[in-house]
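Have a look at the fold, then let's work through some questions on how it packs.

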Amino acid sequence: MMLALGEEHATKLFTHMDDEEIRELSQTMANLGTVSANIIERLFVEFAEQISSTGSLVGTYESTERLLMKVLDSEKVNQIMEDIRGPAGRTMWDKLANVNETVLANYLKNEYPQTVAVVLSKIKGEHAARVLAQLPESFAMEVVMRMLRMESVQKEVLDDVERTLRTEFMSNLARTSRRDAHEMMAEIFNNLDRNTENRFLAALEERNRDSAERIKALMFTFEDLSKLDPSGVQTLLRVVDKPKLGLALKGSSETLRDLFFTNMSERAAKIMREDMAAMGPVRLRDVDEAQMYMVQVAKDLAARGEIVMAEGKGEDELIY
């Protein structure tokens with residue numbers, strides 16, 4: 001049909017196809033050979049009958065989803081449609097409200113301050129504040145100054161910003177492989193000091209207890225080292241800085257202290273106890289830092305396969 005339409009019409013149709021479609025169609029055309037006039041006429045008649053019977057075509061998310069459900073399983077369809085739709089929300093500004101502030105800030109920091117000022121003025125103040133806090137300080141201040149001087153934004157400017165966000169940001173965001181939000185937060189919480197971690201977890205429990213519990217279950221804390229087997233503890237003992245170990249154990253449970261002491265020689269355990277007693281009172285911040293150091297060393301060893309961490313829940317066993 002493309003050959004029969006002639007170059008002028010075929011060229012217009014090609015402009016609506018992507019590279020892969022053009023490649024496939026071109027390959028078919030190149031290998032077509034001779035086609036009789038009767039076949040061409042029958043093709044056009046069939047095509048005209050199909051078009052007239054279906055009427056106009058309107059592509060929507062719903063019609064696309066229904067079509068996919070006929071050829072793919074529901075889980076795959078849901079995944080595809082989620083990628084296509086991007087973040088939930090009726091308008092672009094609604095969608096932006098559901099984009100993580102770090103992700104949004106990483107994109108906006110490469111835009112002009114005036115553009116960022118327009119975007120932040122269109123989203124909720126609470127979300128805008130979180131995004132602003134993630135921007136480089138000097139850039140954030142420039143954005144603030146632009147927002148203070150901002151007058152009413154022309155519709156053409158807003159349309160242009162919306163179009164850019166849709167084509168450059170949302171489309172890339174949809175293609176980005178998604179990471180479990182609770183896993184991401186657990187990793188972030190692992191790097192908080194104890195006071196901040198407790199404060200955030202307590203606040204989160206008040207707002208969403210399920211998420212708080214899930215994050216806590218995913219976090220890897222110093223106390224989780226109690227899940228090491230004796231071989232793992234001894235491997236850890238061989239590489240860690242002993243003064244830091246003593247400091248970390250000052251803030252640990254008796255169970256975890258005993259685990260480390262029983263995997264030392266009697267003399268080494270006695271020296272460690274004496275060193276810890278000689279430290280006297282220690283700052284909580286120093287203990288937190290020492291425990292984070294121990295956790296990081298354990299993670300490094302696990303990543304190299306030199307120790308194994310088990311959660312002890314049968315099929316849910318975790319190997320780091």
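Q: At what angle do helix 17 and helix 19 pack, and how far apart are their axes?
A: Keep in mind that this is a predicted model. Two packed helices are described by the angle between their axes and the distance between the axes. For helix 17 and helix 19, the axes are 10 Å apart and the angle is about 65°.

Q: Is helix 17 roughly parallel or roughly perpendicular to helix 19, and which hand does the crossing have?
A: Angles from 65 to 115 degrees count as roughly perpendicular. The angle here is about 65°, so helix 17 is roughly perpendicular to helix 19. As for the hand, helix 17 passes helix 19 in a crossing that is right-handed.

Q: Which residues of helix 19 make the contact with helix 17, and how many residues of the contact are nonpolar?
A: On the helix 17 side you'll find Lys242, Pro243, Leu245, Gly246, Leu247, Leu249 and Lys250. Helix 19 brings Met272, Met276 and Met279. Sorted by class, the contact has 2 charged residues, 1 polar and 7 nonpolar.

Q: Where do helix 9 and helix 11 meet, and is helix 9 roughly parallel or roughly perpendicular to helix 11?
A: From helix 9 come Pro113, Gln114, Val116, Ala117, Leu120 and Ser121, and they meet Phe139, Glu142, Val143, Arg146 and Met147 of helix 11. By class, that contact has 7 nonpolar, 2 polar and 2 charged residues. The crossing is right-handed. The axes are 8 Å apart, at an angle of about 65°, which makes the pair roughly perpendicular.

Q: Is threonine 235 buried or exposed, and what is it in contact with beyond four places in sequence?
A: Thr235 lies in helix 16. Buried means under 20% relative accessible area, and at 9% threonine 235 therefore counts as buried. Setting aside neighbours within four places in sequence, threonine 235 is in contact with Leu301, Glu306 and Ile307.

Q: How far apart are the C-alpha atoms of arginine 163 and methionine 92?
A: Arginine 163 sits in helix 12 (residues 155-175). Its relative accessibility is 45%, so arginine 163 counts as partly exposed. Methionine 92 is 71 residues apart from arginine 163 along the chain, and their C-alpha atoms are separated by 9.1 Å.

Q: How many helices and strands are there in the protein chain, and what share of its residues counts as buried?
A: The protein chain has 20 helices and 0 strands. Among contacts between residues at least 6 apart in sequence, 66% join residues at least 24 apart. Of the 320 residues, the share that counts as buried is 28%.

Technical notes. Residues are numbered from 1 along each chain as its sequence is written. This is a predicted model: local features need pLDDT of at least 70, side-chain atom pairs count only at pLDDT 80 or more; totals for chains, interfaces and linings use all residues. Side-chain values use heavy atoms; hydrogens and water are left out. Helices (H or I, at least four residues) and strands (E, at least two) are DSSP runs, numbered from the N terminus. Buried means under 20% relative accessible area, exposed over 50%, partly exposed in between (1.4 Å probe, protein chains only). Contact means heavy atoms within 4.5 Å. Axes are lines fitted to C-alpha atoms, for helices over the stretch in contact, and angles run from 0 to 180 degrees between N-to-C directions. Angles under 35 degrees count as roughly parallel, over 145 as roughly antiparallel, 65 to 115 as roughly perpendicular and the rest as oblique. A crossing is left-handed if the near helix is turned anticlockwise from the far one by less than a right angle, and right-handed if clockwise. Ala, Val, Leu, Ile, Met, Phe, Trp, Tyr, Cys and Pro count as nonpolar, Asp, Glu, Lys and Arg as charged, and the others, Gly among them, as polar.
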